[in-house]
Amino acid sequence: MASYTSDIVLVLRGYLSKFIPSSTTPDVFHILMAYLLMASNGISALSLIWSYIQKYLIITVEIRYDDEMYNVMLFWMSQQPMFRNTANLVAGINIESPFHSAWSSDDEHNSDYEDVDATHRNNLRKVHFTPATGTHSFRYKDRWFTIRRQPYSTTANTSWLMNAEKIYLSHIGWNANVIKNLLLDAQRDFAKRDSNRIIIYRGESRPGTSNWDRCASRAARQLSSVILDKVQKDRIVKDVDEYLSQSTRSWYKRNGIPYRRGYLLQGPPGTGKTSLCVALAGRFKMNIYLLSLNSLDELSFSTLFRKVPEGSIILLEDIDRAGVTQKRSVSRQEGPVSESEESRQIPFSKGISLSALLNEIDGVAAKENRILVMTTNHAEHLDPALLRPGRVDMTLTFSLANKDTIFRIFCSMYGNSEDMDCVSRNGNPRPLHDLATQFTQQIPADVFSPAEIQEYILQYKSDPEKAVQDVADWAGGRRKDKYTDARQDWHLPQSTHVSR
């Protein structure tokens with residue numbers, strides 16, 4: 001038996017030495033010799049050899065359910081032709097983890113339904129196919145791989161864990177770069193799908209974890225579509241552009257200054273604060289991470305804030321309504337107290353204190369290389385500590401629409417040029433400039449928000465003359481007094497105007 005075992009080892013040594021470095025060959029065959037000797041005593045040699053191969057000769061990468069790489073792989077698998085003939089498939093419309101979306105809105109169109117009546121086609125969403133639970137072999141770029149989808153072993157009665165799983169990607173060989181290159185290809189395909197689009201993530205807190213949920217994918221909005229005072233627009237665009245430059249980053253580092261930038265956008269609702277943020281994200285190819293302070297506790301907020309990738313925009317909307325930022329006066333004790341003492345003393349709902357918010361914005365452990373944008377309807381309600389330089393580096397004020405803004409909104413929505421002709425219902429062309437002038441004359445200044453004016457125009461998308469004809473009745477029927485009172489309450493200047 002010993003001679004027979006030695007012959008097998010010699011054959012294996014001669015064959016595998018072509019693939020195994022000579023320096024490691026003796027150790028490998030000593031192990032194989034031991035396995036075969038154990039087989040002579042009734043132990044399965046094949047199972048032992050396979051265990052050895054799995055442990056030493058196969059590279060495996062584990063991809064977890066709560067990481068965005070999970071959905072990168074789901075999307076990549078759904079696009080690969082080699083999986084279309086797999087015997088076991090998962091067919092689904094919402095095949096995704098609770099933390100990220102594998103499919104964008106662009107994936108909804110399905111050419112398979114082109115022959116379906118248009119009335120019903122809108123109710124049909126694209127079906128995506130991925131390999132089912134189990135192990136699947138496939139060939140990619142002339143190399144063999146296996147992919148295994150394995151459910152989590154858990155008894156927790158939590159909805160997001162009931163369907164949770166891990167993905168294992170394996171390749172026989174010693175070169176880990178083979179798998180790394182496949183994963184890089186998957187990431188490139190995933191990113192290519194979102195080219196020229198802005199991805200919006202929303203912070204979510206679940207039992208035991210806090211993660212960013214990919215909630216929307218939007219086409220990048222042009223800054224020209226935001227009707228904003230040119231001086232104001234140029235000011236913030238230049239500031240962001242300068243901040244993102246490599247020379248600025250080096251300057252911050254050389255002078256020991258934390259590399260962060262903060263903006264406060266203040267003004268009435270519907271004046272375009274969020275629209276400007278989205279347009280800036282599109283201009284500088286940055287994703288938006290949206291946080292709602294009212295729905296998070298302190299630990300979840302801190303965890304999410306620190307998980308934001310570099311080169312992103314963090315958006316805190318309507319921060320004056322969060323409670324944690326409300327202006328402080330004096331403590332319960334007599335006399336004023338310091339900022340740090342007071343922020344610790346005042347309790348806030350939902351578990352987030354002003355001190356915790358300030359620490360995440362510019363504390364010792366705060367992340368760098370990100371832009372913070374906060375929007376508010378009432379800047380006067382915010383605590384001064386939140387507005388200090390280093391936390392808010394620039395403030396932009398948004399106002400209700402004046403005459404110039406109304407004119408520009410009309411021209412923007414009906415054409416790209418102010419002297420463009422608009423064809424009326426009777427076929428007689430009229431200059432857009434004349435229609436815009438008549439439209440503007442019938443709407444009072446500083447009463448309506450740009451969003452309201454746009455909402456009205458949307459009712460007449462293909463009929464600008466009708467929009468001009470009916471606008472006086474529309475304006476007269478609105479409750480203008482509440483906006484006039486709001487403008488007085490906000491104490492806003494009349495020089496800055498944007499559209500939503």
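This is a predicted model: local features need pLDDT of at least 70, side-chain atom pairs count only at pLDDT 80 or more; totals for chains, interfaces and linings use all residues.
View 1. S4 and strand S5 (residues 143–151) run antiparallel and are joined by 7 bridges. To find your place in this pair, look for glycine 134, which stands opposite arginine 149 in S5.

**View 2. A salt-bridge network with Glu62, Arg64 and Lys166.** These three residues are linked in a network of salt bridges. Within it, glutamate 62 pairs with arginine 64, and their closest N and O atoms are 2.7 Å apart. Glutamate 62 is partly exposed, at a relative accessible area of 32%, and arginine 64 also counts as partly exposed, at 48%.

**View 3. A seven-stranded open sheet with mixed pairing.** Here the 7 strands follow the order S8-S7-S10-S11-S12-S9-S13. Strand S8 (209–219) and strand S13 (394–397) each have a single partner strand, so one side of each is left without a neighbour in the sheet. Strand S11 (residues 312–316) and strand S12 (residues 370–376) pair in the parallel sense over 5 bridges; in S12, methionine 374 is the bridge partner of leucine 316. Helix H11 (residues 298–307) packs on this sheet, touching strand S7 (197–206), S8, strand S10 (288–291), S11 and S12. The direction of H11 makes about 50° with that of S8.

**View 4. Helix H10 and the largest nonpolar core.** Of the 11 residues of helix H10 (residues 273–283), 10 are buried, so the helix is largely enclosed by the rest of the structure. The buried residues include Lys273, Leu276, Val278 and Leu280. The largest nonpolar core has 30 residues, and Ile236, Leu276, Ile288, Ile313, Ile371 and Val373 have the most contacts inside it. Among the elements that give two or more residues to this core are S7, H8, S9 and H10. H10 provides the largest share, 6 residues. Take a moment over isoleucine 236: its contacts include Tyr263, Leu276, Leu280, Met394 and Leu396. Apart from this core lies another, of 28 residues, among them Tyr201, Phe301, Leu354 and Ile361.

View 5. Helix H8 (residues 230–244) lies across strand S9 (260–266), S12 and S13, running at about 155° to S13. Aspartate 234 and lysine 230 both lie in H8, 4 residues apart, about one turn of the helix. Their side chains meet in a salt bridge (2.7 Å, N to O). Aspartate 234 is partly exposed at 38%, while lysine 230 counts as exposed at 59%.

View 6. The side chains of arginine 306 and glutamate 360 meet at 2.9 Å, N to O. This pair links distant parts of the chain, with arginine 306 in helix H11 and glutamate 360 in helix H13 (residues 354–362), 54 residues apart. Arginine 306 is partly exposed, with a relative accessible area of 42%, whereas glutamate 360 counts as buried at 5%.

Notes: Residues are numbered from 1 along each chain as its sequence is written. Side-chain values use heavy atoms; hydrogens and water are left out. Two strands pair if DSSP finds at least two bridges between them. Buried means under 20% relative accessible area, exposed over 50%, partly exposed in between (1.4 Å probe, protein chains only). Contact means heavy atoms within 4.5 Å. Axes are lines fitted to C-alpha atoms, for helices over the stretch in contact, and angles run from 0 to 180 degrees between N-to-C directions. A nonpolar core is a set of buried Ala, Val, Leu, Ile, Met, Phe, Trp, Tyr and Cys residues joined through side-chain atoms within 4.5 Å. A salt bridge is a side-chain nitrogen of Lys or Arg within 4 Å of a carboxyl oxygen of Asp or Glu. Lists of a residue's contacts leave out its neighbours within four places in sequence.
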